[in-house]
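User: I am new to this structure and would like to know what stands behind each label. Please go through it with me.

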Amino acid sequence: MLLDHRSLLATLVIACACTKPVAKPPAAPSPEREHGHPTLPPTLEAFHNVLSPVWHATPGPDRVSAACVQTATLTTYATALVAEPAPAEAAGKSDVWKVRTTALASQVGSLTSACNVDGQPDVETRLGALHEAFHS
């Protein structure tokens, strides 16, 4: 029996719609975490866990408030990072580690200062600079 074009098309559409999609194999484990960060040393991970929700919040008064609330905790972790030796991941780059963790701590200090200014006009800018320092 010959099918006309419309019947053939209807048959194909129904057949395709009833077919289950082929499952993709699971992705291979990766040392990358959310936001593309590699696995971090513990203190840097703790710093990230405080900074990340603030940074990824919608810019505005609520984010400014959240950033200012977290300055004491960020200061604690940044101070610890400066005092700690370079982790194994930074082997042979301890001078770079020291410079960058010191810069990170400095940016936390700048954010803290911005939080203490009436109206807090520079908090978003200082938060951006802190975020950049974290990524370096």
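User: Let us start with Thr73. Why is Thr73 called partly exposed?
Analyst: This is a predicted model, so every value here is computed from it. Thr73 has a relative accessibility of 30%. Buried means under 20%, and exposed means over 50%. The value of 30% falls in between, so Thr73 counts as partly exposed.

User: Where does Thr73 lie, and what separates the C-alpha atoms of Thr73 and Ala46?
Analyst: Thr73 is part of helix α4. Its C-alpha atom is 9.6 Å from that of Ala46.

User: What makes up the secondary structure of the protein?
Analyst: There are six helices and zero strands. Along the sequence, the pattern reads α-α-α-α-α-α. The protein has 136 residues, and 28% of them count as buried.

User: How do you know that Cys68 and Cys115 form a disulfide?
Analyst: Their sulfur atoms are 2.0 Å apart. The cut-off is 2.5 Å, so the pair qualifies as a disulfide. A disulfide is a covalent bond between the sulfur atoms of two cysteines. A search of the whole structure finds one.

User: What parts of the chain does the pair link?
Analyst: Distant ones. Cys68 sits in helix α3, residues 61-69, and Cys115 in helix α5, residues 94-115. They are 47 residues apart.

User: Why is the disulfide of Cys68 and Cys115 called left-handed?
Analyst: The torsion about its S-S bond is about -90°, so the disulfide is left-handed. As for burial, both Cys68 and Cys115 are buried.

User: What makes Arg63 and Glu124 a salt bridge?
Analyst: The closest N and O atoms of Arg63 and Glu124 are 2.4 Å apart. The cut-off is 4 Å, so the pair counts as a salt bridge. The count for the structure comes to one.

User: Why does the pair of Arg63 and Glu124 tie parts together?
Analyst: Arg63 lies in helix α3 and Glu124 in helix α6, residues 123-135. The pair therefore ties together parts that are 61 residues apart in sequence.

User: Are Arg63 and Glu124 buried or partly exposed, and what are their values?
Analyst: Arg63 has 7% relative accessibility. That is under 20%, so Arg63 counts as buried. Glu124 has 24%. That value lies between 20% and 50%, so Glu124 counts as partly exposed.

User: Which residues of α3 are buried, and why are they said to be on the same side?
Analyst: Arg63, Val64, Ala67 and Cys68 are buried in α3. They cover an arc of only 135° around the axis, which puts them on the same side of α3. An α-helix has 3.6 residues a turn, so residues three or four places apart point the same way. On the other side of α3, Pro61, Asp62 and Val69 are exposed.

User: What do the buried residues of α3 pack against?
Analyst: They pack against α2 (42-55), α4 (71-83), α5 and α6.

User: How do α2 and α6 pack?
Analyst: Their axes are 11 Å apart, at an angle of about 145°. The crossing of α2 and α6 is left-handed. On the α2 side, the residues that meet α6 include Leu44, Phe47 and Trp55. On the α6 side, Leu127, Gly128 and Phe134 are among them.

User: Why is Gln107 called buried, and what is it in contact with?
Analyst: Gln107 has a relative accessible area of 18%. The limit is 20%, so Gln107 is buried. Gln107 lies in helix α5. Neighbours within four places in sequence aside, Gln107 is in contact with Arg126, Ala129, Leu130 and Ala133.

User: What is Phi of Gln120, and where is Gln120 found?
Analyst: Phi of Gln120 is near 50°, a positive value in a residue other than glycine. Gln120 is found in the loop between α5 and α6. Its relative accessible area is 27%, between 20% and 50%, so Gln120 is partly exposed.

User: What makes Arg100 partly exposed?
Analyst: Arg100, found in helix α5, has 43% relative accessibility. Exposed would need over 50%, and buried under 20%, so Arg100 counts as partly exposed. Arg100 and Phe134 are 34 residues apart in sequence, with their C-alpha atoms 8.4 Å apart in space.

Note on methods:
Residues are numbered from 1 along each chain as its sequence is written. This is a predicted model: local features need pLDDT of at least 70, side-chain atom pairs count only at pLDDT 80 or more; totals for chains, interfaces and linings use all residues. Side-chain values use heavy atoms; hydrogens and water are left out. Helices (H or I, at least four residues) and strands (E, at least two) are DSSP runs, numbered from the N terminus. Buried means under 20% relative accessible area, exposed over 50%, partly exposed in between (1.4 Å probe, protein chains only). A salt bridge is a side-chain nitrogen of Lys or Arg within 4 Å of a carboxyl oxygen of Asp or Glu. The arc is that of the directions from the helix axis to the C-beta atoms. Contact means heavy atoms within 4.5 Å. Axes are lines fitted to C-alpha atoms, for helices over the stretch in contact, and angles run from 0 to 180 degrees between N-to-C directions. A crossing is left-handed if the near helix is turned anticlockwise from the far one by less than a right angle, and right-handed if clockwise.
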